[in-house]
Structures are given as C-alpha cells and as structure tokens.
Amino acid sequence: MTLWLAVIVAGLLTYGQRLSFIALWGRLPMPSGMRRGLRFVPVTVLMALIVPDLFLREGALVISVGNERLLAGLSAALVAWRTRNVLVTIVAGMASLLLLKAV
Amino acid sequence: MSNARKAFFAGVRAELPILLGVVPFGLIYGITALAAGIPPVLAQAMSWIVFAGSAQFVIAQLVAGGAPALIVVVTTFVVNLRHVLYSASVAPYVQPLAARWKRLLAYLLTDEAYAVVISRFREAPEGPGKRWFFLGAGLALWATWQASTAVGIFLGASVLASWPLDFALPLTFIALAVPAVRDGAAAAAAVTAGVVVIVAAGLPHRLDLLVAAGAGAAAGLAVEAMGIRPAPEPARGERAE
C-alpha cells in the first residue's frame, strides 16, 4: 500500500516537472542565458545518458578494446553520422555488439 | 486526409524507429520489476502513472534494496528533473495552445517523444499541426511502452534476459544525438557533457546527469560567445496548431 502511494506521488511529481515550464512560460522571468542554453539540452542530456553505458563497467572507467559496448557504441555513432538513420544505427550497433561478444 | 490527421501520423512515423529501442527496454523493465518483488499490477500501473523508463528502473532497484517510500519519491523526482529542461525547451512552441492541450502534451513529454518533437519543431518552427505531431509521437511511444512492459511482466525472467537487449536504448540515443551536433558550440556541449558525466558518476540520485547537462550547456554557450556561431533562438509567438 505504501509503495502504491509512493508511486502515485512520484507520478504526480513527474507530471508536475513535465508541465512546469509549459504551463508557466511567459509568466516566469527566464534569464536569457538560460533560454539560449536550452538549445543544448537535447544533445547534453543524450550524451549524459549514453556515455556511462559505453564507458563505465560496474562504476569503473574502462577504455580498452575489451570494452565491447564502447566499441559497438562508437561504430554505431559512425553509422549514425553517415546514415542519419535511427533504425540502421540500432541494427548496426546491436550487430557489432553481438559480433564482438562472439569473438 | 485532414491536416490534423496528417500531422498526427507524421508524428507516429517519426517515432517508429525510436520504438525499436524502446520495446526491449520495456520488456527488461517488466522482468526487472517482477524480480524486484513489485506486484504485477503495480509494476504495470507504474508505466502509466510515472511513465518514465529510467525512473521506473531506479524505483525497481530501490524496492529490491528495501528503500523506504520517501527515498523512492525523492529519487524519482531527482532522476526526472531533466523533464523540467524538456518542458522549458518545448514551452515556446506550445505556448499558443489551449491549457487542456498543454496538460495532455505535458503528460506525453518523455525522453523519446521530446527528442523527436523538438527536432521537428526546430526544423519547421512555423510548420502546421505541431500539437498533432506531438500527440502522434507521444501516443505512439505511450502505447508501445504500455504494451512492452506488459509483455515483460507477462514473460517474467526468460531467455530474453540473456540477450544484451538493454543496449538498444543507448543505441537509440546515439542515433538521436549524432545529428544534433550541428556546429562547434553543440560539439563542445556534447563533449563536455560526456566528460563531466564520467567525472560526476559517483553522485547520488543520478545527479551526474543534471550536472553534466548543465556543464555541457555552459560550454556550448561559452563557445557560442566566442563567436563561432550565433544561436538560432526559437521564434516566439508563432502559430502552433
């Protein structure tokens, strides 16, 4: 029961976060530096989500050819840069990982 | 086909490739939530009450570790703080909409819907049918998330767990991030965010993510200020329909 309550409160807070600026835009003063900084939000948040998955193994930085996810991720980035295609990128990255795991 | 419907399906189509990464993530969430001892009904309810993949994973981890309810709530709040940034980022584009549209679209503002919607809005800030595009992308993701987590819960631990399916999501994010690096300032922002997130990896509550995003944006602004390229600000007061 407590867990249900926690989930409901967490859900309401999450919704509040998503609604925050959408609802309040124009009514709250926003510094121009922050407004200009917003254009970098997609790429910085994406990088912050990607990089730990590629470079960290159980919390430790692993930069070596033994890090299969790093190699597969870098090849996927190359494919993404060449093709700009999400589907092709996912398939290429997944194939690289399976291949690297197999050898 | 009406313009609204066309824009709606354009949103669905734009979201489709992303769904390939979302389905395995949903499956794994379902499996993980059950393994953490969360009752199946609650595990599925989380998918529409919280509706945020990474936060749901964190909740499952916390529950498995016996964390108290307050920690679950606070941690979810911190993990989801990036949604405030998303909200600020799409806000100028949805400003002309009625309040009920804003309330609906805010519910659908996930990582994956945001990435698709914001790149469309930036490419065509004056384009028609923005709210329908957003709704199409958001609902496609919502339905896929509900279905895939349900299948994961239904399957439980299975052979799927031995496949590296969790890698599909970072791959999706890579596919979204690479085209977003359009100029020197964006590249500086991306590299800084990547380095800082590693340095800050020890921070509790996934605060590393926010610190990295903030540092990256600051680096982007700094490079921009050096005159490499001015920022195209989203036009204000444009039509959004």
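Leu38(A) reaches across to the other chain: leaving aside residues up to four places away in sequence, Leu38(A) touches Ala88(B) and Ser89(B). Touching, or contact, here means that C-beta atoms placed from the backbone lie within 7 Å. This is a predicted model, where local features need pLDDT of at least 70 and side-chain atom pairs count only at pLDDT 80 or more, while totals for chains, interfaces and linings use all residues. Residues are numbered from 1 along each chain as its sequence is written, with chains lettered from A in the order in which they are written.

Leu38(A) sits in the loop between helix 2 (32-37) and helix 3 (41-55) of chain A. Helices are DSSP runs of H or I with at least four residues, numbered from the N terminus. Leu38(A) has 23 other C-beta atoms within 10 Å, so it is buried; the cut-off for that is 20 or more, again with C-beta atoms placed from the backbone.

Now zoom out to the contact between the chains, which takes 60 residues from chain A and 70 residues from chain B. On the chain B side, helix 9 (residues 168-180) supplies the largest share, twelve residues.

So what surrounds helix 9 of chain B? Its buried residues pack against helix 3, helix 4 (68-83) and helix 5 (86-102) of chain A, and also against helix 1 (3-35), helix 7 (111-123) and helix 10 (184-199) of chain B. Twelve of the 13 residues of helix 9 of chain B are buried, so the rest of the structure largely encloses it. Among them are Pro170(B), Phe173(B) and Ile174(B).

Definitions and conventions
Contact = placed C-beta atoms within 7 Å. Helix = DSSP H or I, 4+ residues; strand = E, 2+ residues; numbered from the N terminus.
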